[in-house]
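User: I'd like to go through the labels on this structure and ask what stands behind each of them. Could you take me through it?

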Amino acid sequence: MPGGARLIPISVVKNSAEAEELVLQVLRSGALTQGAMVQRFEALCCEMTGARHAIAVNNGTTALVVALEALQLKPGDEVITSAFTFVATLNAILESGATARFADIDADDFNLNVATAADLVGDRTRVLLPVHLFGQPCDLAAVTKIAQARNLAIIEDAAQAHGATYGGTRVGTTSGQATFSFYATKNLQSGEGGVVTTDDDALADRLRLLRNHGMKARYQYELPGHNYRLTELAAAVAIPQFAQLAGITSARAANAAYFSQHLAGLAGVVTPVTRPDRTHAWHQYTLRITPDCLTTRDEVVRRLNEAGVGAGVYYPRAVYDYDCYRNHPRVVIGDGHAIAAKVATEVVSLPVHQHLTEPERDQIVAAVHAAVLA
Ligand SMILES: *Cc1c(COP(=O)(O)O)cnc(C)c1O
């Protein structure tokens, strides 16, 4: 690293003076648990997505858990998700009691390949759970078509896709339910936090029960629930960021466009594709280092880190490819994830966040050029 300079980090958390002010307001009020700030947060999530309902919870994983539980699945019911996602998607399926199966992905956009998902649909399938990986919406029209034909629910894991659009519609409204994460590194963050959005009144009612011990009125329990409530402090951290979302997304998109322009044509380097009918939230800017490259993926990452670029590998394996899942009775691996397994050996994500400076962008471009040489 030149002169021992710091690494350009893959994500940066900056909270505004307005967030500090709101957090202080909460602290001074003494009302720290789910209340007025959480309600404001939920209203902003409705605005972000266009959904009728937003149910705030304590993280993006529990958002998936309650979205699954709201569907009242029975033991043995199956959920089809992507073989290439963050582990939270799979853990939430298992936490809900359901059985997981995996569709392969398209190498172009890293998202679930809908034809391979359709092949997995059987008598026990209840839910399609696609992931908008790295911030680009999956093929929602194709997912919806299968769901309607086979009478399946849809839950979109939009943890990485705040503000992304599909066919002109914002992610979070088109299907049954969508979940977002507000973990510290996500495009919008509250340290820890999550939300489920839906247009369905009955699902919204059940989601509100599930996050708060199944309680309808004081000490009146309708179903066995959880304590998944969001704190007022976390809501206060997130609230000022919603007004910045368009700017955050366009800054990330400008960084992504810059990289794609300046990394075009490098042998063995595939820049990420944006599908024409979608807008990308650019949570990650992810290259593929293919066998045509003179250097291995792992060596590219090592050289980038050495050159001060905090590049990362999201994700190093297919999501189920660990002993704890291979030996799990409710994880059905099957086969046909050749693309997910291959892509996991090729991916490298570069810092693309809205706080990158122009010199940092150029440093990243130069570092990639140098890293892929023999
Ligand atoms: C971050 C993330 C989650 C989980 O969100 P947490 O808030 O960290 O629990 C789920 N799915 C995907 C794809 C994610 O990136």
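Analyst: Happy to! Helices (H or I, at least four residues) and strands (E, at least two) are DSSP runs, numbered from the N terminus. With those elements, leucine 32 falls in the loop between helix H1 (17-29) and helix H2 (36-49). This is a predicted model, where local features need pLDDT of at least 70 and side-chain atom pairs count only at pLDDT 80 or more, while totals for chains, interfaces and linings use all residues. Residues are numbered from 1 along each chain as its sequence is written, and side-chain values use heavy atoms, with hydrogens and water left out.

User: Why is leucine 32 called partly exposed?

Analyst: Buried means under 20% relative accessible area, exposed means over 50%, and partly exposed is in between (1.4 Å probe, protein chains only). Leucine 32 has 36%, so it is partly exposed.

User: What makes Leu24, Leu27 and Leu32 a nonpolar surface patch?

Analyst: Like charges are joined within 9 Å, and nonpolar side chains (Val, Leu, Ile, Met, Phe, Trp, Tyr) within 5 Å. Leu32, at 36%, is over the 30% limit. The patch made by these three leucines covers about 230 Å², with areas from the Shrake-Rupley method and a 1.4 Å probe, counting only the protein chains shown as cover for residues.

User: How do you know that proline 351 is buried?

Analyst: Its relative accessible area is 0%, which is under 20%, so proline 351 counts as buried. Proline 351 sits in the loop between strand E16 (347-350) and helix H13 (358-371). Contact means heavy atoms within 4.5 Å, and leaving aside residues up to four places away in sequence, proline 351 touches Ile8, Pro9, Ile10, Phe259, Val309, Gly310, Leu356 and Ile364.

User: What makes the length of helix H9 close to the expected one?

Analyst: The expected span is 1.5 Å times one less than the number of residues. Helix H9 (residues 245-262) has 18 residues and reaches 26 Å from its first C-alpha to its last, close to the expected 26 Å. Its buried residues, among them Leu245, Ile248, Arg252 and Phe259, pack against H2, strand E14 (285-289), E16 and H13.

User: What are the labels for phenylalanine 110 and tyrosine 219?

Analyst: Phenylalanine 110, at 5%, is under 20% and therefore buried. Tyrosine 219, at 59%, is over 50% and therefore exposed. Phi of phenylalanine 110 is near 70°, a positive value in a residue other than glycine, and tyrosine 219 has a positive phi of about 60°. Phenylalanine 110 lies in the loop between strand E3 (99-103) and helix H5 (114-120), and tyrosine 219 in the loop between strand E10 (215-217) and strand E11 (220-221).

User: How many residues of domain 1 and domain 2 are in contact?

Analyst: The bounds, 17-243 for domain 1 and 244-373 for domain 2, come from an automatic or database domain assignment. Across them, 49 residues of domain 1 are in contact with 38 residues of domain 2.

Conventions: A salt bridge is a side-chain nitrogen of Lys or Arg within 4 Å of a carboxyl oxygen of Asp or Glu.
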